[in-house]
Amino acid sequence: MVRVRQATRQATLDAGFSLVEQTKVVTAASELARNTIIYGGGGDVRLEVMRDGMRSGVRLTFVDRGPGIPDVQQALRDGYTTGSGLGLGLGGARRLMSELDISSRPGEGTRIVAVRWKQ
Ligand SMILES: Nc1ncnc2c1ncn2[C@@H]1O[C@H](COP(=O)(O)OP(=O)(O)OP(=O)(O)O)[C@@H](O)[C@H]1O
Ligand SMILES: [Mg+2]
């Protein structure tokens, strides 16, 4: 968790994000990392700084080989949890990022790609 937070902070700095934007992305990364650990049983994180013409951004990819998410729309709903959380992590992460894509197949794991472009 600490390493993901630190590396995400650095990636947003490299992308030229404001302090407020940095904090939004670090918060989203924390939620996604916590889910990867708690529900996915651990996994891999990839952080990328993107430059697309005039735009810059960061892309965070979380991959695990846990049980997967049977109903992604339901998992994104605020208040839905199968654990002991508040069920706000995924929905919160989606609101904090420009794009959030979840692909998951039950029994095979979960892959979440989250992008935020610099405002
Ligand atoms: N990587 C994952 N693998 C399997 N299931 C997941 C994964 N990430 C999320 N989920 C499922 O989606 C649900 C909602 O996730 P979300 O982060 O929104 O809430 P939470 O983790 O339960 O609580 P909170 O994040 O508020 O502490 C989880 O309870 C879990 O069932
Ligand atoms: Mg969560």
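1. Met1, Val2, Ile37, Ile38 and Tyr39 make a nonpolar surface patch of about 470 Å² in this predicted model. A patch takes residues with over 30% relative accessible area and no salt bridge, joining nonpolar side chains (Val, Leu, Ile, Met, Phe, Trp, Tyr) within 5 Å. Accessible areas come from the Shrake-Rupley method with a 1.4 Å probe; a salt bridge is a side-chain nitrogen of Lys or Arg within 4 Å of a carboxyl oxygen of Asp or Glu.

2. Tyr39, one of the patch residues, is found in the loop between helix 2 and strand 1 (43-52). Tyr39 counts as partly exposed because its relative accessibility is 35% (buried is under 20%, exposed over 50%, partly exposed in between). Helices (H or I, at least four residues) and strands (E, at least two) are DSSP runs.

3. Gly53 is found in the loop between strand 1 and strand 2 (55-64). At 74% relative accessibility, Gly53 counts as exposed. Its C-alpha atom is separated by 35 Å from that of Ile69, 16 residues apart along the chain.

4. In helix 4 (residues 89-96), the buried residues are Gly89, Leu90, Gly91, Gly92 and Ala93. Their cover includes helix 2 (19-38), helix 3 (72-76), strand 3 (99-105) and strand 4 (109-117).

5. Arg55 lies over the face of Trp117, 3.8 Å from the ring centre (for Arg, CZ within 6 Å of the ring centre and within 35 degrees of the ring normal).

6. Residues are numbered from 1 along each chain as its sequence is written. Local features need pLDDT of at least 70, and side-chain atom pairs count only at pLDDT 80 or more.

How values were computed: Chains lettered and ligands numbered in written order. Heavy atoms only, no water. Buried < 20%, exposed > 50% of the residue type's maximum accessible area, 1.4 Å probe, protein only. Contact = heavy atoms within 4.5 Å. Patch = residues over 30% accessible without salt bridge, like charges linked within 9 Å, V, L, I, M, F, W, Y side chains within 5 Å.
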